[in-house]
Amino acid sequence: MNKRKQVTLIRGDITKLAVDAIVTSANKSLLGGGGLDYVIHKKAGMLMKQACIELNKRKGGCPTGQAEVTIAGDLPAQYIIHAVGPRWLDGQHNEADLLCSVYSNALSKADEMKVQTISFPSISTGVYGFPKQLAGEIAIGTVLSTLPHYSFVGHVLFVVQDSENYQVYQDLLSKIVDENLIINIEET
Ligand code: AR6
């Protein structure tokens, strides 16, 4: 059996991929918002919504840079990981560190749940306005540096929708040379 870990870049709709865990770009309330989070909440349905309401009541939501896990409801996954990325202000408000934290915290939560395959959107690069090049560097850098340490997470899918994000991820991933890692870049 091949024990090498895998990273895959896909251009498409993250809500349609069957994986163990789908990460959504949430806000601190965890109660749903715009962008991807809107679609996730709509497609997941009432059971996931209830789990979010419960987390909001019990923990007061989730701070920026951290993540919470719920069931995935009607989505083709077991779990949704609600990851709260930073809003980009001017780059002087700890935005880069917070984006790094949100990826590593989402992966830690996934590993705790024994998740093997997990798909990430490009967190904070929509409504929250994070520059896409820097966000891609942080996403890929954080995932690749932490992936070897997880016991269960073995395959990370980066799923992007727009051409700029796809180009950023494709350029970054195509430069990586790592014999312990399988890198798949799906052509568009
Ligand atoms: N599949 C893959 N990527 C997607 C999809 C999809 N179906 N839909 C959007 N994206 P955003 P943020 C990409 O705005 O910037 C919400 O109101 C999108 O192109 O969803 O982290 C939350 O509640 C972009 O690259 O999230 C928060 O308040 C990326 O997903 C706030 O927005 C993230 O875009 C979070 O802002």
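Which backbone N or O atom lies 2.7 Å from an oxygen atom of the ligand? The one to look for belongs to G126. The legends below take you through this and other close-up views.

A note before you look: this is a predicted model, in which local features need pLDDT of at least 70 and side-chain atom pairs count only at pLDDT 80 or more, while totals for chains, interfaces and linings use all residues. Residues are numbered from 1 along each chain as its sequence is written, and side-chain values use heavy atoms, with hydrogens and water left out.

**View 1**
T125 places a polar side-chain atom 2.7 Å from a ligand oxygen atom. For D37, a polar side-chain atom is found 3.2 Å from an oxygen atom of the ligand. On its own, the ligand exposes 700 Å², and the protein buries 90% of that (areas by the Shrake-Rupley method with a 1.4 Å probe; for residues, only the protein chains shown count as cover).

**View 1. The residues around the ligand.**
There are 22 residues around the ligand, and G34, L36, S124, T125 and G126 come nearest; to be near, a residue needs a heavy atom within 4 Å. Helix α1 (residues 35-44) gives the largest share of this shell, with three residues. Helices (H or I, at least four residues) and strands (E, at least two) are DSSP runs, numbered from the N terminus.

Four of the five residues of β2 (residues 21-25) are buried, where buried means under 20% relative accessible area, exposed over 50%, and partly exposed in between (1.4 Å probe, protein chains only). Strands pair if DSSP finds at least two bridges between them. Five bridges link β2 to β4 (residues 79-83) in the parallel sense, and T24 has H82 as its bridge partner there. With β5 (residues 117-120), β2 pairs in the parallel sense over two bridges; look for I22 opposite S119.

**View 2. Strand β1 and its partners.**
Strand β1 (residues 5-11) is largely enclosed by the rest of the structure, because five of its seven residues are buried. It runs parallel to β7 (residues 181-185), joined by five bridges, and parallel to β6 (residues 155-160), joined by six bridges. Follow L9: it stands opposite I185 in β7 and opposite F158 in β6.

**View 3. Two residues with positive phi.**
L30 has a phi near 65°, a positive value in a residue other than glycine. You will find L30 in the loop between β2 and α1, and it counts as buried because its relative accessibility is 1%. K114 is not a glycine either, yet its phi is positive, at about 65°. K114 sits in the loop between α3 (95-112) and β5, and its relative accessibility of 54% is why it counts as exposed.

I71 is ten residues away along the chain, and 8.7 Å separates the C-alpha atoms of I81 and I71.

How values were computed: A polar contact is a pair of N or O atoms within 3.5 Å; within protein, one must be able to donate a hydrogen and the other to accept it, and residues adjacent in sequence count only if both atoms are side-chain atoms.
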